[in-house]
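Subject: Structure for you to look at

Dear colleague,

I am handing over the structure we spoke about, together with some notes on what was found in it. Please have it open beside this message as you read.

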Amino acid sequence: MGTLFGEPIVRREDPRLLTGQGRYLDDLGRDALAAAFVRSPHAHARILDIDVEGALDVEGLVAVYTWEDLPGRVGEPLPLLIPHPSLTHGRTGYPLARDVVRHVGEPVVMVVARDRYLAEDAAERIRVDYEPLPPVVGIENAARADHLVHDDVPGNVGAVLRQETGDVAAAIENAPHVLEFRLDIERSASTPLEGRGVYARWDADDESLRVYSSTQASTSVRAAIAAKLGLPPGKVEVIAPDVGGGFGVKIMHPWPEEVLVPWAARLLGRELKWAEDRREHFVSAAHERGQVQFVKAGFDGAGRILGLDVRILHDHGAYTPYGVIIPIVTSTQLLGPYKIDAYRAEVTSLYTNTVIVTPYRGAGRPQGVFCMERTMDRIAAHLGLDRTEVRAANLIGPDEFPYDQGLTFQDGRPLIYDSGDYPELLSKIKELIDWDGFAEVRAAAAAKGRRIGIGLGCYVEGTGVGPYEGGHVEIDSTGRVNVSTGLTSQGQGHQTVFAQIAAAELGVPIEDVHVTTGDTRRFGYAVGTFASRAAVMSGNAIALASRKVREKALRIAAEALEADPRDLDITDGLVHVKGDPGSAISLRTVAVLSNPLRYAFDEEAARATQFAVGGSPEDPPVAPGDEPGLEGRDYYSPVRSTFAAGMHAAVVEIDPDTAEIRVLRYAVVHDCGRLINPKIVEGQIHGGVAQGIGGALYERMVYDESGQLLNASFMDFLMPYATEIPHVETDHLETPSPLNPLGIKGAGEAGVIPVTAVIASAIEDATAVPIDRMPLSPSELFHLMREPEEEREVSNLNPARERAT
């Protein structure tokens with residue numbers, strides 16, 4: 001492995017993107033027809049009639065489609081992507097609503113016109129007659145089931161998921177101390193800078209379809225489009241151009257628009273494009289996070305948890321196209337770095353008349369960490385112990401790996417942690433934030449009338465979820481190294497990281513490596529970019545493919561140099577005898593020699609012709625089992641996920657008069673195995689922390705009782721500015737994973753996962769007010785700080801209780 005692996009190389013893609021050279025979805029298809037959609041203004045209603053006559057007079061109108069116009073598979077419900085035994089009443093929507101709409105923003109009519117302006121004009125003239133039905137909004141309303149989202153789904157319950165280890169009831173019953181309480185997490189959303197979009201063109205002569213989509217899963221979009229349109233997969237190309245952020249919302253596929261735009265482009269024989277506006281994104285894309293958690297914990301005098309029982313109500317919105325992955329992740333990742341012998345989680349996943357729920361950066365983990373870390377803080381407060389002591393009493397030891405938590409993770413494999421050193425992470429975070437010295441800092445601030453507090457949160461993150469990813473590496477006759485993988489990129493730095501891996505494995509300058517992602521023309525088999533899996537999955541696949549290329553290059557060079565391949569090495573693109581740099585051959589020449597030619601097009605090609613290469617007349621020019629060219633393809637398929645881990649800590653200040661919350665310091669210690677590029681890992685952490693602070697203090701989806709989203713714009717949906725994000729202090733621990741060749745674990749979601757729990761802990765420490773719901777605004781904290789203690793206990797449906805020993 002070369003020295004490039006582990007170096008903080010500056011991101012290679014940034015100069016192009018920062019100078020306006022990016023190529024995003026809406027930069028394409030400038031002459032294409034445009035699509036617009038009539039979307040439901042009601043959260044729940046029956047469609048009585050659709051009158052399109054008013055739109056027909058719009059100049060430039062090309063077509064209008066309702067559900068009745070959709071043929072065969074195109075008009076069928078969208079696929080349920082991830083079935084699961086617990087999902088007993090899975091439901092998905094139609095590309096265009098049929099009979100009933102179940103959330104504001106659901107598409108009802110598709111309009112195609114010469115440009116988007118005309119399409120919007122036509123859409124406004126279409127009249128849809130609705131019969132409003134009672135909406136179900138909010139988790140508790142869904143659980144009461146006074147009204148149903150789907151008539152054939154009893155109790156609005158889509159799924160009930162249970163996992164258990166040990167005898168939880170007995171463990172809690174026999175515990176010296178027991179606490180019961182309720183926690184709430186509100187909805188939020190990914191809101192990437194670039195919304196969703198699709199651009200399609202049909203080649204009638206070739207009977208092939210090319211689709212560009214702002215997606216996190218180009219190969220899966222291809223498979224879905226091919227299935228829906230009845231096309232051979234080989235006749236469908238899907239390309240993810242530069243994607244302006246995903247954060248999970250773009251892993252969902254196919255969106256209705258990803259089916260309808262290609263279908264209409266083929267039907268009309270015209271290029272067609274749709275790019276959503278911001279309101280469309282808020283009301284018709286996807287949300288996440290919303291859960292109510294009921295916790296019951298039994299523990300001893302040292303804070304060691306003996307039994308933990310968690311009941312979760314999960315809001316999955318109007319449909320379940322992405323299954324119940326989020327509550328599965330919440331219930332299994334809730335345990336974090338702790339060993340709890342008796343644990344039970346029961347998740348009830350409920351339908352509501354709101355936007356669907358699919359993964360958002362962290363994907364269920366922030367809710368699980370909030371539950372566990374709030375539990376740890378409550379135990380510490382109850383026993384009068386330092387919060388780090390309680391955590392230390394429960395940590396899995398470094399000599400206990402691999403550690404089997406006895407549960408089944410989202411990949412259907414056992415929840416077995418592969419490696420880590422959690423006590424060392426705790427030691428590092430305490431040192432980084434100066435935990436032991438904070439009492440003195442607090443006292444000095446109090447002397448000036450300032451109110452500050454400190455908090456921390458620990459987490460384990462399942463990364464590198466299977467089933468597989470692949471990589472293709474080719475060295476051409478110019479010496480250029482072409483690397484391809486099916487994974488898409490939304491700003492993670494794949495062009496840098498994957499180039500580092502290939503360059504290190506091959507012994508070539510990184511400038512010679514060129515990476516292509518998310519283009520089914522270059523690599524047709526992939527799963528997608530989600531769950532912090534890109535580096536683990538595609539990184540290892542690229543490494544394995546590079547090793548194949550390296551082995552072949554050494555073999556061919558050995559013949560040319562009349563040397564043993566074991567005596568050769570590759571440095572800066574030259575294959576040379578170890579200890580004798582003068583006896584060398586360039587990789588570009590090796591690439592030429594790898595492809596026996598009949599014709600010479602230039603001097604390099606002449607070196608590879610059948611007469612120049614020579615060899616025994618009894619041997620074929622291409623040996624049996626060999627292939628022409630210097631390239632390799634390989635796949636990495638893990639036995640199970642890797643598990644990264646980390647600990648965060650923060651110091652906050654609360655204004656005693658206004659309850660304004662200011663984050664003064666934020667520290668992160670993270671273990672993602674071997675670091676490919678520390679600079680990129682830190683960038684991922686910094687961005688995640690900013691997103692986490694947004695989720696803790698600012699971002700929420702506010703629905704009224706009729707199912708209208710009240711803050712569906714950036715004027716009303718609050719996000720933190722750069723001025724509200726503190727400098728993030730970081731440190732790293734590297735415990736290599738034994739599960740993959742590179743020893744790496746994922747890092748993409750690490751920054752966001754524990755932030756809500758950390759901020760809650762710090763606010764509680766500063767104010768002595770129990771924080772049991774997030775996000776938390778200054779106005780809410782203001783009232784909590786002035787609410788009598790007895791009223792706070794009544795407002796918590798399951799107040800803490802102590803049982804005598």
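A cavity here is a set of grid points where a 1.4 Å probe fits but cannot get out, and its volume is the space filled by probe spheres set on those points. Please keep in mind that this is a predicted model.

By that definition, the structure holds 4 cavities of 30 Å³ or more. The second largest cavity has a volume of about 130 Å³, and among the 16 residues that line it, I185, R289, P366, G695 and T756 are the closest to its centre. Two elements, α9 (365–383) and α18 (678–697), each give two or more residues to this lining, and α18 gives the most, with 3 residues. Sorted by class, the lining of this second largest cavity has 6 nonpolar, 6 polar and 4 charged residues.

As for the largest cavity, its volume is about 200 Å³, and of the 20 residues that line it, those closest to the centre are L78, H103, P256, Y319 and I356. The lining of the largest cavity has 11 nonpolar, 5 polar and 4 charged residues.

Strands β16 (residues 403–408) and β17 (residues 414–417) run antiparallel and are joined by 3 bridges, with Y403 standing opposite Y417 in β17. The two strands form a hairpin with 5 residues between them, and G412, which is in the turn, has a positive phi of about 75°.

With best wishes

Methods. Residues are numbered from 1 along each chain as its sequence is written. This is a predicted model: local features need pLDDT of at least 70, side-chain atom pairs count only at pLDDT 80 or more; totals for chains, interfaces and linings use all residues. Side-chain values use heavy atoms; hydrogens and water are left out. On a 1 Å grid over the protein atoms alone, a cavity is a set of points where a 1.4 Å probe fits but cannot get out, and a pocket is an open set with protein on both sides within 12 Å along at least five of seven lines; lining residues have an atom within 4 Å of a point. Ala, Val, Leu, Ile, Met, Phe, Trp, Tyr, Cys and Pro count as nonpolar, Asp, Glu, Lys and Arg as charged, and the others, Gly among them, as polar. Helices (H or I, at least four residues) and strands (E, at least two) are DSSP runs, numbered from the N terminus. Two strands pair if DSSP finds at least two bridges between them.
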